[in-house]
Amino acid sequence: MLELCKINKAYAEGRKVLTNLSYTLRAGEYVAIMGDSGVGKSTLLNLIAGLDTPDSGEIRINGVAISSLDDDASTQLRREQFGFIFQAFHVLPHLTVSQNIALPLLLNGAPTERVEQMLAEVGLRDRGHHFPRQLSGGELQRVAIARALIHRPKLVLADEPTGNLDPDTAHDILQLMRAEIKANGASGIIVTHSHAAAATADAILNLTKDGLHPAHAGHSQ
Amino acid sequence: MNMSKRWGQYDLLSLIRMIILLFSLFAANTLAETSRLMPVVPGHALTFPHDYGAHQDFRIEWWYMTGWLETEDKKPLGFQVTFFRYATDQNHDNPSRFAAKYLIIAHVALSDPAAGKLMHAEKTAREGFELAYAKPGNTDVKLDEWTLVREENGRYLVDMRTEDFGLQLALTPTQKVLLQGENGFSRKGLEPEQASYYYSEPHLRVTGTVLRQSKPVAVSGSAWLDHEWSTAYLDPNADGWDWVGANLDDGSALMAFQIRGKKGGKVWAYAALRDPSGQVKFFSPEQVEFTPTRTWQSPHTEAVYPVAMHIRTGEIEWQLTPLLDDQELDSRQSAGAVYWEGAVTLTRDRQPAGRGYLELTGYVKPLAL
Amino acid sequence: MKSVSLSRWLLLGEWRAHILQVIVAIMAIAIGIALGYSIHLINTAAFNEFSAASKNLSGQSDLQVHGRSAFFDESLYPMLAKYEGVALANPVLELDVVMPNKLQNRNDHKLKIVGLDMFRATQISPDLLGVPVEGKRLDGLADDAIFLSPAAMEWLQVEQGDVLSLNAGLQTITLRVAGGLVRARSGQRIAVMDIGAAQWRFQQLGLLSRIELKLKHGVNHAAFKAELTKQLGDQYLVVEVTDQETRIANMSRAYRVNLNMLALVALFTGAFLVFSTQALSVIRRRQQFAMLRVLGFTRRQLLRQIVLEGALLGMIGSLLGLGLGYAIAAMAIQFLGGDLGSNFFPGIKPSIDFNPLAALTFFLIGLGVTVLGSMAPAFEAVRAKPALALRSGSEDAALSKLSTPWFAMFCLMLAMLFTQLPPVFELPIFGYLAIALLLIGGIALMPRFAARIFTSLQNVWGAQAGAMVTLVLARLANAPNQAAIALGGILASFSLMVAMAIMVTSFRVSVDGWLTHVLPADLYVRTVSVGDQGGFQLSEQKAMAGLSGFERVDFFRTQQLRLDPGRPEIMLIARPIDSIDPRNTLPMVDDAMTPTVLPEGVTPIWVSEAMVDLYGYRPGEKVSLPIGKAADTVFNEFVVAGVWRDYGRQFGAVQMQLADYQRLTGDTSVNNLAVWLGSGATLDAAMANLRQLPFGDALEISKSRDMRALSLEIFDRSFAVTYLLEIVAVVIGLLGVGASFSAQTLARAKEFGMLRHIGVMRRQVLVMLAAEGGLLTAMGIVLGFVLGWAISLILVFIVNPQSFHWTMQLHLPWGWLTMVAVIMLVSAAMTALIAGRRAVSGNVIRAVREDW
């Protein structure tokens, strides 16, 4: 469903980060991308999300080349087909938990009945009317997971989702994330430094100067 | 009196300066101006008591009294009282009661050797509202609370009190009126119109009270009165004058003056000496000679005055010695003009002869204002 | 590392990062201080110069004797000159003479001519003695000579030696400019003549304006004054210099105080803006401060850091403000005059005096307000538990401590109470306090109000609302404090603008209606009058009344009366008044007593509202006024038959029947006449007829519609400064909106970044920002309107009657208010948009990543 063809990307100052990168992600596949700092993991995510454009090469999602889309169209694409989970949660402080989760549905003009169900799935039943400041970090990330999946996106992008969490909570969150991605039939890419986190994915890819290379097998379950 | 200091910088119309200026000014103006004022002409007979009073048809007129007084403890004092009447020759048609047709100017000074200087005060007002006037018929002059009145019997009453000094005197004649010049026609220059009507009353017996620092002191003494009126007075070339009037111990009366020219020398001079019997000897200009014998420089104005003067009238030699040197009237603070007017003692041919008043004007250069 | 350099790093870092906010804060405080300071400077300069000029005129006397009317008989002069204890009596005749070639400048066309006896004046007012040409000393006494101050020479464009033509009554007189008045104050327009000449030339024979007395040393002034007052009786007033000063102060006090209050309003708006900038800046950095606390900053250090920041801003802003204020004042005085075009201080030219104390006071006000603005949020930041503060989303909770409803309610209650209190020293002090409290209370209530409104909006739209609406409403409803702070400045300035607009409109509409009522005739004719005499004698009255084309002619006799030595003169107007229904003649405030109610044999008068306030005259009351035969000026009894509205004379006016006046005084002359034209007659023909009279050239003929237009023009000019201040206040308010939106946009970068990630379009973000700004402003406008309306009630019904002693009806300028509201709405939304354009830049996307 996601095809990367010979992607090249250099920083403004000229340093090359991605060179001739090609990769294909199949529908329903959940992979982890690991790599050293500065190797271009976040750049890659930005490119996939259409928030940045490659210097050359093509990124296709379900056959649509997103680098050919203008800002509105790529935003529309993100709105309908993407879900995002961030390291710092990025939950809007003045919206309730339910409202935060409902945001993608509202953006897509879809009915919001599914919010209750999602709340239950991520273990936040009865917390829907709470404001983010009343929640712990793990709970905030649960909200973020619910928000990322409520509109049944095709692809979930998670950038170091457990970076701000303690190992126990991180474990729970990673399990939940995987479960939700699978339950919603989405593909997923998780960018992380943590081997424990990467291990929850179907496959682990190493991002180096030379490209994306499969590492040893990922999810053991 | 910082207030008066402040006004002093201004060229205000005021007593002495105005008089001095007028003397020269109107002499020059008389010919050009078509004035309602009358000229002084020879051959006009003075009539009394009418001529004791004011003469409103003439430009300027003054009653001038000087004299020596003695306190009960025999301390000498000199005094001077002057009332001027001045016709502005303006406002003829103005019906306002404030219309300034005549001005009354008055001046009082007291020379007190104990104080070492002259105390003086001056005032100016327009005639009107019975607050200031000079009445015809008999001497009756008033400026606010200052008065000079001649009673029917010839006695003069003077009341001139200020905040810190003053005079309340009665002056009784002991001799006849002395007509100066040609029966009261007194020439002041080469031109016949440079003249005044002029009489004197020497040897007035004075009794009364002097106020010093507002304390009354009984005094008695002898005084001299001049009454003079004119429309044109001084020669334009005149610089100033020296004048003396003296009551002599033997009952004689001496009056002498010289008008000094701007280029030095005298423009005119005159003297009259009346002996106790009433015989008057007149001296022509060339018979009268003023010679300074000692000068005094004023610390106030830096003007140099011949305060001791040698006067020759015909064969007679007079020596004048001042009661005190500093008898300068420094009115720069209000008027800007300064002169010396002081009590003097006289010797005649080196013998003590009497006491009088010497007036020295025109010794200060015009002040830069 | 020394803590000093740490402190400097923190400060410079913060300022470098938020230079725009820093500049706005400095500008806000600078503009506020500049306005307050410049108005203070202008007022002080004008007032001091006016007093100095008046003192210059009245000299250094111990006492002054005035008549009840402007002039009295000169026979008092010799009596006082001889009076026991009087050292000097200085008679003065003071005339305001209309200059024929200045008539187009109706409000500023008079030359003050002082008639003096220079021999008397030399000791009391030497500054007023003319300086003649060398050798022309007697010009000071001449009946054709006039001495002019340099300003008067410049104004009249004459020099020494020129001839000056003046109108005195129906005659023209020519005077010789004999010299100058070198001691007149710079800009003071006066002329001096000999008193006898002035009496004669200006037909004031036998009359004086006042007699100034100098007492002898050692005379007890108070005892002397009491004795003399008793001796002179009721028809004269013995006045001390202090009375004179009171009187001068009274003349312009209301004007000055009101202008100062307006300046304070500008300062207040500026202060609020600084407060909000500081508060937002501190809140934005809560996490940073919490981190510093975690790192080991003590509370005291942190507090000092924040307050130091505010103090520096305050210092820079205040210093800038002082300089700016000085420049504004200098320019305003140069171009508008000391009374800013309102003609409160005619005939003078003030210069600004730098008073270090005043400058320091304003500097401290600026500094104090800024430090206070930093203190409140600083205390909150310092008290916060670092662990809690580190978490985002707690900002608004922090702010809510700054606004408790109790405080707001207390302010509003107190304001209500203050509106019921009477004036203090004849000034509406409590009225102004009530306005301030209303503003403070209103602003403090704003967050609650915003939360309530937007929550209910949310409930109304609820689920069916789209993502954007939900986002906007949720933010406004759940983070009302930040929103409210942004809006505080705009709320303050808009409500004040509304209040002023309503007040000015009410005033203007009332004045317009009043003018129509008081100027019913077609033409008004007056002589170029001098002094207090009616310019038209019976023969001239007959000649004018007999002209063809006139349907009706009313004659007016106006005169000034002095009732209280500490107050300016009142105006007496004798004219035909409809005795059946006075409302046909006078703009009555309430129902007048009809003559049938009046007791037999009493003379009715109708008094202006100021007479009620200042002298306590009540309808139906018997009062005694110095209106009688000139020879034996006696008091006569009158009954107050009614109260009329007078916008022309804030110091009081009395109207009576001309017939009554003539019966009581025997004075048959009149000053003015009102002419109604018959059918078929034209204004131009009527004016031509009047001009053809033998004295036609000396007539001043005005069409009533021109007079109305001119009056309104003067009215508008007087309020020009008000408008200017309003605009400045609003600009400050908008600046504040811009600054706080910009600050908040920056603080919300991550929020926008996340929104962009999850599929919110760039333009949707902008729409969201504009909607937030617009909705907030709309609410601010609604609230500001309500607040402004309440304030305008205070202005119209409390401040105006208490300071100027006139009442008016409330009129709302709907069109204008709508226009201003729309402009505000659009500009606030625009401001929000411009401030928010950074919210959609590429940086925003990166803001969500924290591992870079």
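Predicted model: local features only at pLDDT ≥ 70, side-chain atom pairs only at ≥ 80, totals over all residues.

Residues are numbered from 1 along each chain as its sequence is written, and chains are lettered from A and ligands numbered from 1, in the order in which they are written.

Staying with chain C, how much of it is buried? Of its 852 residues, 50% are buried; a residue is buried if 20 or more other C-beta atoms lie within 10 Å of its own, exposed if 12 or fewer, and partly exposed in between, with C-beta atoms placed from the backbone. Take contacts in chain C between residues at least 6 apart in sequence: 83% of those join residues at least 24 apart. Contact here means that the C-beta atoms of two residues, placed from the backbone, lie within 7 Å.

Now a helix pair. Helix H15 (residues 429-461) of chain C packs with helix H25 (residues 762-804) of chain C at an angle of about 165°, and their axes are 10 Å apart. The axes are lines fitted to C-alpha atoms, for helices over the stretch in contact, and angles run from 0 to 180 degrees between N-to-C directions. H15(C) and H25(C) are therefore roughly antiparallel; the cut-offs are under 35 degrees for roughly parallel, over 145 for roughly antiparallel, 65 to 115 for roughly perpendicular, and oblique for the rest.

What's in that contact? From H15(C) we get residues including C:Leu438, C:Leu439 and C:Phe449, and from H25(C) residues including C:Leu783, C:Ile791 and C:Gln802. By class, the contact of H15(C) with H25(C) has 17 nonpolar, three polar and no charged residues. For the classes, Ala, Val, Leu, Ile, Met, Phe, Trp, Tyr, Cys and Pro count as nonpolar, Asp, Glu, Lys and Arg as charged, and the others, Gly among them, as polar.

C:Val131 counts as partly exposed because it has 19 C-beta neighbours inside 10 Å. C:Leu148 is 17 residues from C:Val131 in sequence, and 9.4 Å from it in space, C-alpha to C-alpha.

On to chain A. Its average pLDDT, the predictor's confidence in each residue from 0 to 100, is 84, and 97% of the residues score at least 70.

Where does chain A meet chain C? 30 residues of chain A are in contact with 27 residues of chain C. Helix H1 (41-49), helix H2 (71-81) and helix H3 (97-108) of chain A each give two or more residues to that side, and H2(A) gives the most, with six residues. That side of chain A has 13 nonpolar, ten polar and seven charged residues.

As for H1(A), nine of its nine residues are buried.

Last one, chain B: 25 of its residues are in contact with 25 residues of chain C. Helix H1 (2-8) and strand S4 (117-126) of chain B each supply at least two residues there, with S4(B) giving the largest share, three residues. The side of chain B that touches chain C divides into twelve nonpolar, six polar and seven charged residues.

Methods. Helix = DSSP H or I, 4+ residues; strand = E, 2+ residues; numbered from the N terminus.
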